[in-house]
Amino acid sequence: MTSQPLPPSGAPLDHFVDRAPFDPNASEPMTKAQERVYLASQLTLMWWKFRRHRLAVVSGIFLAGLYASILICEFLAPYSPYERHTDFIRSPPQAIHLFHEGRFVGPFTYGLSYKLDMDKLRRDYTEDTSRIYPVRFLCRGDTYQFWGFIEGDLHLMCPGEGGTMFLLGTDRLGRDMLSRMIYGARISLTIGLIGVSVSFGLGIVIGGLAGYYGGWFDLVVQRVIEVVQSLPHIPLWLALSAVMPPTWSPILVYFGITIILGLMDWTGLARAVRSKLLSLREDDYVVAAQLMGARTPRVVFRHLVPGFMSHLIAMATIAIPSMILGETALSFLGLGLRPPITSWGVMLNEAQNINIVVLYPWLILPVVPVIIVILAFNFLGDGLRDAADPYR
Amino acid sequence: MLRYILRRILIMIPTLLVTSALIFTVMELPPSDYFETLQAEMAAQGEHADTSRIEFLKREYGFDRPPVERYFRWIAGFVQGDFGYSFEYEMPVRDVVGERLGLTILVSFSTILMTWLVAFPIGIYSATHPYSWGDYGLTFIGLLGIAVPHFLLALIMMYLANVWFGLSIGGLMDPAYFNQPWSWAKVQSVLAHLWIPVIIIGAGGTGTMVRAIRANLLDELQKQYYVTAKAKGLPPGRALVKYPLRMSLNFFVSHIGDVLPTIVSGSELTAVVLSLQTTGPLLLRALQSQDMYLAGSFLLFLSCLTVVGVLISDIALAFLDPRIRLQGGSSK
Amino acid sequence: QPRDMSLEAPSLVQDIWEGRLPDLSERLPEDPRVIDLPAMGRTPGHYGGTLRMLMGDQRDIRMMTVYSYARLVVFDLNGEIIPDILAKVDVEEGRIFTLHLRKRHRWSDGHLFTAEDFRYWWEDVANDDYLSPDGPPLQLVVKGERPHFEVIDETTVRFSWSMPNPGFLPALAAAQPVQIALPSHYMKQFHQRYADPLRLAGLIKMERVKGWGALHDRMARSYRPENPELPTLSAWMPTTKPPSEFFIFKRNPYYHRVDEQGRQLPYIDEVTMSIGTSSLIPAKVAAGGADLQARYIAFSDYTFLKEGEANGHYNVRLWERGEGAYVTLVPNLNVTDPGWRAVLRDVRVRRALSVAINRRDINQVIFFGLAHEGANTVLPGSPLYDSRFDRAWSQYDPALANKLLDEAGLERRDDDGIRLLPDGRRAEITVETAGDNTEETDILELVGYDWAKIGIKLYPRGVQRDLLRRSVIAGNAKMAVWPGLDNATAGPNMPPDSLAPTTSMQFQWPLWGQYVDTMGREGEKPDLPAAQELVDLAKRWRRSVTPEERKEIWTRMLEINADQVFTIGILNRTSQPVVVSNKLRNVPEVGIYSFEPGAYFGIYMIDTFWFEDGNAALEVKRD
Amino acid sequence: MAKDLLRIENLRVSFAVHGQLNEVVKGVSLRVPAGRTVALVGESGSGKTVISQSIMGLLPPNGIIHDGRILFADPAKDGKVIDIAELDRDGKKIRKLRGGRIGMIFQEPMSSLSPVHTIGNQIEEALQLHRPHPRKEARAITEEMLGLVGFRDPRRNYDQYPFELSGGLRQRAMLAMALICRPALLIADEPTTALDVTIQAQVLKLMKTLQGEMGMAILLITHDLGVVANVADEVVVVYRGRVMEAGPVDDIFRRPQHPYLKALLKASPDFDMPEGERLVALRDVAPAAPPLDLRREAGNRPASTALLNVRNLRKTYGSKHGARVVAVENVSFDIMRGHCFGLVGESGSGKTTVGNLIMRARTADSGSVIFNDRAGPVDVMGLDDNELRAFRPRMQMIFQDPVSSLSPRMTVLDIIREPMIIQGRGSDAEQKHRAVELMECVGLDPRFLSRYPHSFSGGQRQRIGIARALALNPDLIICDEPVSALDVSVQAQVLNLLKDLQASLGLTYLFVSHNLAVVHYMATQIAVMARGRIVEIGPRDALFHRPAHPYTRSLLKAVPLPDLDRKLDFDVAFTGGASDPVTWPEEFRGTAPGSLEMLDLGGGHFVLADRACTARDVTAA
Ligand SMILES: Nc1ncnc2c1ncn2[C@@H]1O[C@H](COP(=O)(O)OP(=O)(O)OP(=O)(O)O)[C@@H](O)[C@H]1O
Ligand SMILES: Nc1ncnc2c1ncn2[C@@H]1O[C@H](COP(=O)(O)OP(=O)(O)OP(=O)(O)O)[C@@H](O)[C@H]1O
Ligand SMILES: [Mg+2]
Ligand SMILES: [Mg+2]
């Protein structure tokens, strides 16, 4: 096809006519890809878009792996989280070596010996390079009850016979930090999230309706929000912890508390949703939906709330850390989880001490998984946001 | 608008009545009272509480009366500016809170200011440069602030500040300046200590806000009116601030009212960890020891501020968005 | 004319010179209490300096009253009661107490301290229906009988009862003493009977209190020295009015003790208490923020503090704690659950639970083996100590434990290896704890491991202290965690109340204690023979006159307690780190750290401590 | 001859959609000489807007220019040539050009304005940016500009928010914004679609004046061949991203050669068309019969009963200053079953409002709307929430602003399916099938179903709205400017579709439009509105041949015709605003408030005139 000529600047324009054959009904043939796309549902489209966000996909896979791992932490953890090694109290992290005196041995740990410093009252650990313990894989170690009922003793990794392998050190009772962290994920990654869901559900529904209806309904909801916001959380928790049946296990109690937390925490989100919808509901497409005879829930959740999705996703991912660490704040009040239950929050709580920060810094390592999980959730959130964003 | 505000102020009265009744109930909810708490705590340390004094105090402060009567007395007093009596400090609530209020406002205000000053530029940067290294880096830092528990952050920062700068640990000023009249040196000492709590308390909020601004702004950046603004030839900064940013502030404005109560209560738990002379620890302690008038009056004060804050944020919202101002409420 | 100021504290010199203070001779009582420092193995010191301490709570300023430990009578290091503020006490038949004041002893505002101050308290306060609706303090009431009070002369008063009251003097000497005198000249302005009504009304308004009763009550508080105007007899007097974060106590120029050279104590001019979050105190101490600190410092802070010694210019010492046990597990014999009640009341079960605990392991893991593995009983520092009590049922013997439990009817176990109660439920015991220190939590965790080995499952449950107490009294809690005997260095002259049901605060038998306390009005009658015997013994002690008799009673009570294992003590004589500034002198290297009877530092006479660089200490940065 | 201000050479632009590149501009070249007007015409979706966006450097983020040059020779800089295509999209250089040197009027004025700033603020901002003035003066200039583009009360209008304005007023605000900084090149993307012909003439004249004054060049994108004939010097015809024909306006109108152009010229409706004649569209589609379960038994509906009686509607809006604006007053009319009722009139006269009131999208202050169902009359105003919801599918609406009436976060497929889903019609597959059908009906490629609304051209969006309204097969459709953004050939296709549906299913329309030819083609009854009232109502022929009201007359006079020989004389008529009663003869002005009344001229022809007048007075005037 020839490019159409343009006269030089200032010259009069010629009458140009495209001479190519013209068929108004011709349309470009559909490619295979287009064929696939054009009737795809919105969810499918989003999924395709999401897949292109590499960091989000990686985060998603990571989180999925993490959640899968909590099913098999018995197998993953080298030790039982309750197993105490009285001879290795507060042992610093042990390195895995590959070479011994320049010779390749494969992964192994050196022996660990300690000396009691009775002046400073601390245990000083030294690596004993004369003892070598090759790490074993898929091996038999501490016995456990898989999912609470299947006996087992298979581990992914174990220390060499007679040796130790505290990759992240041990705590003040001589328990392996790594194993505790692996087990801790179980609680940290589950219970708190329920609280988030409760508060988000309430916030979106209540705020959404208030913003959409406006008027007296909004007025009432607003007053309820004020009242709920004014309710003192702390004494309420204190009171509630007193009424929780003493026969409840600590996990159940904590679970109850997180739900209540969620029940009281929706107000901020509800206000944000409400005020956004107050302005969104003036748009024509809302009117259009109404004119089609859509019921309120459909208008709110199909048309209005998606317009606020970015904010909701951002807030949800931001709320996750506070829920993972929720128990730290609560245990400040004596309400959180306590040992022997293991969670990242509990472990960090035990590290809540200047001694530990200064002398045994490996005990604050549980912040690392917390940070990674939060990052992963945020990147995942970014991916979801972009997938839901029609402009990207 | 004026009529609207007046009407809202009238509505506040029943709201506050309900709230106060709830607060009172919650305070009464625990099966024990301040005096029992006191006895138990003293006993744990081998001390004993003087039972006859306790009886005396109980009678003096009407604990032998039915709760309903106490409630109405309390409310009546509250309205007249008598906030009741703190058992723990054995002095009127007003005196207990008195001096701490100023410092609390200082800390909270600086924190909020810092949060805003930091969060806005970063949020805008992240939204306008999504998926750049800058975005990732700043996101990471912001999330760190959220992910590391405050107490840990506080401990580490205080320890390092002490080791590196010789700053006294905890508190808002050098103890030498306690009880001293205000002087330039005291101000300096306060400023030297202020940054730690400001950073620690502000860390979480900043991170949250950055993410929220980023998310909301990203949505608005696609809108046609922003293209129009650019077509006018507005410099990007101004165009951004005047149009998309303003539109994306909706969420922010809906929370602007929350600033009021936080300004006077501060961030309780962190303040405890940091040993700040603010009202937060006071409130917490009062709640734990069931010093009910101190806690109750303070909470009621906070809820007054909440209610006022909600009103303020509603008004601000109406100003922000004329669609809400001119059409909201009226059912079309 | 030339005046001799050589014995005066330099900080007072100016005031004396300018006439605001009288000379030392006029300030001291005629016969001041002389402390012979060299005889105690201490060195006479310099004047001056500021002693900095850190506290976690405004109410902790009462520690000033505790630490200074100036009482009408005090315990000495041998556990004997000796006069301190009083010149002399005469006791006849254990029931007539004649108190002789020091002549021309003055309150800190210079007013004389006289019999009138006792009379005012007795007649206008303790027996005033409005101020003391319940009458005088319990320690002054023997079987419902109030003492007969007489003023003999200006400096002599007498309290007498028809029966012996052996608890009277220990109560006066307690760390938290019974107050039986008030500065009447000051307090009268708040008393309706004496005050000008107009002025009183004004004061009530100004102080924003409900009435004169509240005003008087508030102004008279001396244990927690919140009223800087209230005259005191202590070594230092408060100068800060709360609320505050920083309390300053200044030397009392009328204090009644002198050193062997005739120099008035205390040596240290000023004590300050800085209030902050308790969890930060170790860090602040390590930064050199305190000159003398033990409160809020736990054993686990030792290493950290030790590391900071050079930096903070202090040294850490390890004193011995004076409780009967660092923590005890207290089975609630009044628990409502009938199944558990029967089990817990079975002495074999309690013994089994005790011997199942591997105390050595706990000692090693948590205390580096520095604590003593024994039961909850008196310590060697007490004249009543007997290693039999200490060792009773505190060995580690899981086999024995299993045997005892089998005998007690818990021989059945379920699939998880957990024993079953006779009624078929699993032997899962919830232990309620108010524990806010990690050591307590850790010990509980370790006990949990040990008990799991004998088939008992332990669930710790954290609650607020008051709620813990409630649930114990209500019989909901099966077992609680609580410190051991408060006063484990007690002598026979101290009341053995904590060994027998006497109050509802005793978690092993709250209802029995309440029964005895209220003379049968509330609670339950003790129905375990051993408990009943303890009640009788405690009653006998109340009527006893001679120390021998008291000792015999004490011994029997200790024996019963040891044998019955009413409380399961875990470790005692644990170490308490005490941080002492490098410049502070006369602080003992080792000591016993306990509230009763030692008043923590009080018994070691903090007024004799001094700063090496004396006045120079004033320039020390208060950090 | 003047130099070329803008030269576009071989421009190629593609968009990435769902990860695939679609080329939408395929090697276009065109030029705009200084001081001249070049019209860019073409099929809807052919890439006109994209070309203009490329010139401004404002392509959407997913758009890529991958070939070609856009040369801009700025006369203020002695004709130094800049290649815009090479510039950094948000760089300094291009920012200098935007607004100041190149002004742009966006196609969708309704959503191009910030909803939270007053129009005065937004217009003045442009002024201050490029031609700074002291505040007071700036406001005066802005108000003057508002007056020039036909705002009636610039003082008050300055402080109004876009949502308080009718579609046409918003478009005029956009115009004011682009014109106020007097750019060297004005790109006007369909600047007059929402304006009635009198205002359109006023605006075109204003553009001409400015052009004369400052030698401004205009790139005019429009579908209205009448406008092209009247103002353009050169014309470029594009079709599917390619130039089909280009040349001086004379050549184009008198010697069209390309089949597409010929088809275009044939497709525009005109007043001389006899009743019943079909428009010739480029492509004709048979109306898709709705599947059985979607179909309402069309059959023998009595054609002469009224489907809708509208009586005495009145609506006022509160304004910022508390004063209330009367938007609609005393509007009454009947719509016959199976007929199309045309509503024309001044921009801002309340047409959209009337539509909204009938639909109960807004609440009327007073008045009644009776819908005569076969089962009996339904009082639409009196329905409660549930009844209303059940009743909704009987009446549907095509919104004037296609942008904001489509949920931005739903794909077109979902948007078109939405009414079916809500009403529970058909299975999943049936709904999809119907969506495809509807897309084809309105001339859209079904491949676009998976795209989001923002990625469409103006005309495409408008057609999505039409497709959605048709989905439920309602009895009555209120069409608010349904074809304003469509080129004549597609317009013909859509209009034919509507007509076919009317015939086969007995659909009834309320048809609002500024395009009198279109109304003439569609409607049997026509009402003319001005200032909130119906000033004249009557059968089509009566109204077009014997217009009684002065406003109607000026409307008819101001219609630009696609005929070089019958150009409008801009200088004569439309200076004062044809709707201003002051310019009307006394009979129509009304001596006292409330003295105006509908005057029967016979044959169902009424005109609003003074009570004292007779039919004779009026026709004479
Ligand atoms: N952001 C976008 N993403 C993808 N495709 C787009 C986008 N914007 C426009 N298009 C497509 O580009 C083509 C040209 O659009 P353009 O808006 O230029 O048409 P137009 O000629 O202005 O039509 P109209 O007269 O209907 O406004 C259309 O097919 C449209 O679907
Ligand atoms: N929400 C509102 N608030 C205040 N005034 C409004 C509002 N909506 C419309 N108006 C005013 O009501 C009048 C009628 O508006 P309407 O949209 O019905 O006009 P229209 O006939 O559809 O005009 P156009 O042809 O330009 O779309 C206009 O003057 C407009 O400014
Ligand atoms: Mg277009
Ligand atoms: Mg309109």
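Salt bridges between chain D and chain A: the rule finds two across this interface. By salt bridge I mean a side-chain nitrogen of Lys or Arg within 4 Å of a carboxyl oxygen of Asp or Glu. One such bridge joins D:Glu418 to A:Arg298, with the closest N and O atoms 2.7 Å apart.

Before going on: this is a predicted model, where local features need pLDDT of at least 70 and side-chain atom pairs count only at pLDDT 80 or more, while totals for chains, interfaces and linings use all residues. Residues are numbered from 1 along each chain as its sequence is written, chains are lettered from A in the order in which they are written, and side-chain values use heavy atoms, with hydrogens and water left out.

Now the extent of the interface. On the chain D side, 70 residues are in contact with 58 residues of chain A, contact being heavy atoms within 4.5 Å. By class, those residues of chain D are 30 nonpolar, 18 polar and 22 charged; nonpolar here covers Ala, Val, Leu, Ile, Met, Phe, Trp, Tyr, Cys and Pro, charged covers Asp, Glu, Lys and Arg, and the others, Gly among them, are polar.

How much area is buried between the two chains? About 5600 Å², of which carbon and sulfur atoms give 56%. That is accessible area (1.4 Å probe) lost on being put together, summed over both parts. In chain D, D:Arg389, D:Arg409 and D:Arg447 lose the most area to chain A, together 15% of what that side buries.
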